[in-house]
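Here is a short briefing on one chain. The points follow by topic.

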Amino acid sequence: MVYRPRYTGLIERYRDHLPVNDDTRLISLGEGNTPLLKLNNIPRLTGKNVDIYIKYEGLNPTGSFKDRGMTMAVTKAVEEGSKAIICASTGNTSAAAAAYAARAGISAFVLIPDGKIALGKLAQAMMHGATVIQIKGNFDKGMQLVKEVAEHTPVTIVNSINPYRLQGQKTAAFEIVEELSCAPDFHCLPVGNAGNISAHWMGYSEYYQDGIVATRPKMLGYQAAGSAPFMRGGMVDEPETVATAIRIGHPQSWDKAWKVKEESQGWFDECTDEEILAAQKLLAEKEGIFCEPASATSLAGALRDIQTGKIPEGSKVVCTLTGHGLKDPDIAIKQSSSPVVTVSATLESVRDAILDNMAK
Ligand code: AN7
């Protein structure tokens with residue numbers, strides 16, 4: 001019998017790099033430690049010699065990278081005596097907040113844009129017992145309301161303006177460096193509030209300053225074209241995109257993200273909804289990896305920059321897939337081209353259905 005210590009989450013693993021004490025009660029669901037998958041088929045399609053790795057953050061406990069930040073934010077909220085947490089959310093933050101609040105035995109209040117969050121995420125918030133407050137307004141309005149209400153109510157904000165969130169999320173960079181034994185040349189992320197790109201840069205920079213790694217990647221932040229304040233150079237009041245997770249026009253980490261771009265010598269760019277959905281489908285059909293639309297923005301942008309040579313051949317590229325495809329079943333079913341054939345329950349019809357589709 002070979003004994004391997006039970007994995008108990010990222011705070012335990014990266015204790016030395018996180019603001020916790022020996023007696024802090026950790027609120028964890030075993031988040032982190034997600035796969036770094038090397039793409040096999042898609043790089044071949046590009047005709048370019050690049051190594052593309054996928055950091056599959058959809059395999060966190062609630063299906064998105066938000067769990068990395070939420071384990072820290074809720075751990076600290078509980079340590080500080082808070083009995084309730086609150087967030088505005090395009091969906092994933094609310095799912096994570098609801099789950100970690102349940103784990104901690106405290107209350108969660110989540111403000112979501114009416115009718116604009118993916119079904120899986122709504123199901124999660126409801127199932128974990130959060131109070132779901134749908135507002136007739138978008139994420140940005142919800143964020144503003146959360147900041148205001150928290151001044152008058154005993155609730156802890158767990159959006160990424162809570163500094164513990166980014167502390168937890170920086171651990172994804174640690175994992176990548178450890179698995180590659182170096183930093184990648186480029187790290188591509190979808191950008192909404194720009195918390196995650198800022199957190200990754202913090203993680204890479206800590207390992208760089210500690211001498212664990214000799215280089216840091218260029219950070220590439222991709223936005224949906226209809227919700228791209230970093231491309232417009234200012235806030236966007238009516239953001240629109242099929243990628244509802246990043247339907248954000250007033251990013252909360254605006255200054256941080258510009259600094260990341262400068263320091264890392266990276267860039268921002270935008271992808272159309274068509275490009276985003278095409279990348280989502282490509283990953284699912286050619287690699288067996290299912291992510292939600294917003295997540296595919298990282299690969300959509302990377303593939304374009306590989307094609308044009310902005311990302312040169314010979315590069316090591318990491319794309320973060322921030323959320324699982326099952327979060328948004330409606331979009332998946334709508335854009336899938338796989339045949340669903342209905343036949344009578346006989347051997348003959350089933351055999352015909354197989355033979356008809358065999359060549360496709
Ligand atoms: C799948 O849940 O803002 O740039 O309220 O769910 O750190 O904001 C979600 C953001 C990318 C953008 N991919 O990350 C929320 C929320 C997915 C996301 C982002 C989000 P940030």
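Lys76 counts as buried in this predicted model, at 7% relative accessibility. Its side chain meets that of Glu79 in a salt bridge, 2.6 Å from N to O. Glu79 is partly exposed, with a relative accessible area of 35%.

**Salt bridges**

- Lys76 and Glu79 are three residues apart in helix H3 (residues 66-79), a separation of about one helical turn.
- A search of the whole structure gives 16 salt bridges.
- Glu175 forms one with Lys55, and the closest N and O atoms are 2.7 Å apart.
- Glu175 lies in helix H8 (residues 171-180) and Lys55 in strand S2 (residues 51-56), so this pair ties together parts that are 120 residues apart in sequence.
- Glu175 is buried, with a relative accessible area of 2%; Lys55 is buried too, at 1%.
- The side chains of Glu275 and Arg304 meet in a salt bridge of 3.1 Å, N to O.
- That pair links distant parts of the chain, 29 residues apart: Glu275 sits in helix H12 (residues 273-287) and Arg304 in helix H13 (residues 293-308).
- Glu275 is partly exposed, with a relative accessible area of 30%, and Arg304 is partly exposed at 24%.
- Shared partners join Lys55, Glu57, Arg68 and Glu175 into one salt-bridge network.

**Aromatic pairs**

- The count of aromatic pairs is eight.
- Phe230 and Trp254 have ring centres 4.7 Å apart and planes at 25°, so the pair is stacked; the cut-off for stacking is under 30 degrees.
- Phe230 is buried at 3% relative accessible area, and Trp254 is buried at 17%.
- One aromatic cluster is formed by Phe230, Trp254, Trp258 and Phe268.

**Sheet**

- Four strands form an open sheet with parallel pairing, in the order S5-S4-S3-S6.
- Strand S5 (131-135) and strand S6 (156-157) stand at the edges with a single partner strand each, so one side of each has no neighbour in the sheet.
- Strands S3 (residues 84-88) and S4 (residues 107-113) pair in the parallel sense over five bridges.
- Ile86 stands opposite Phe109 in S4.

**Positive phi**

- Most residues other than glycine have a negative phi.
- Asn33 has a positive phi, near 60°. Its place is in the loop between helix H1 (10-13) and strand S1 (36-38).
- Asn33 is partly exposed, with a relative accessible area of 35%.
- Ala194 has a positive phi as well, near 70°. Its place is in the loop between strand S7 (186-190) and helix H9 (195-209).
- Ala194 is buried, with a relative accessible area of 4%.

**Surface patch**

- Val341, Val343, Val350, Ile354, Leu355 and Met358 make a nonpolar surface patch of about 550 Å².
- Met358 is found in helix H15 (residues 347-358). Met358 is exposed, with a relative accessible area of 58%.

**Overall fold**

- The chain has 15 helices and 10 strands.
- Its radius of gyration is 21 Å, close to the 21 Å that the globule rule gives for 360 residues, so the chain is as compact as a globular protein of that length.
- The C-alpha trace spans about 65 × 60 × 50 Å along its principal axes.
- Of the 360 residues, 56% count as buried.

Conventions: Residues are numbered from 1 along each chain as its sequence is written. This is a predicted model: local features need pLDDT of at least 70, side-chain atom pairs count only at pLDDT 80 or more; totals for chains, interfaces and linings use all residues. Side-chain values use heavy atoms; hydrogens and water are left out. Two strands pair if DSSP finds at least two bridges between them. Helices (H or I, at least four residues) and strands (E, at least two) are DSSP runs, numbered from the N terminus. Patches are made of residues with over 30% relative accessible area and no salt bridge: like charges are joined within 9 Å, nonpolar side chains (Val, Leu, Ile, Met, Phe, Trp, Tyr) within 5 Å. Accessible areas come from the Shrake-Rupley method with a 1.4 Å probe; for residues, only the protein chains shown count as cover. A salt bridge is a side-chain nitrogen of Lys or Arg within 4 Å of a carboxyl oxygen of Asp or Glu. Buried means under 20% relative accessible area, exposed over 50%, partly exposed in between (1.4 Å probe, protein chains only). Rings of Phe, Tyr and Trp (its six-membered ring) pair if their centres lie within 6.5 Å; planes under 30 degrees apart count as stacked, over 60 as edge-to-face and the rest as tilted. The radius of gyration is taken over C-alpha atoms; the globule rule is 2.2 Å times the number of residues to the power 0.38.
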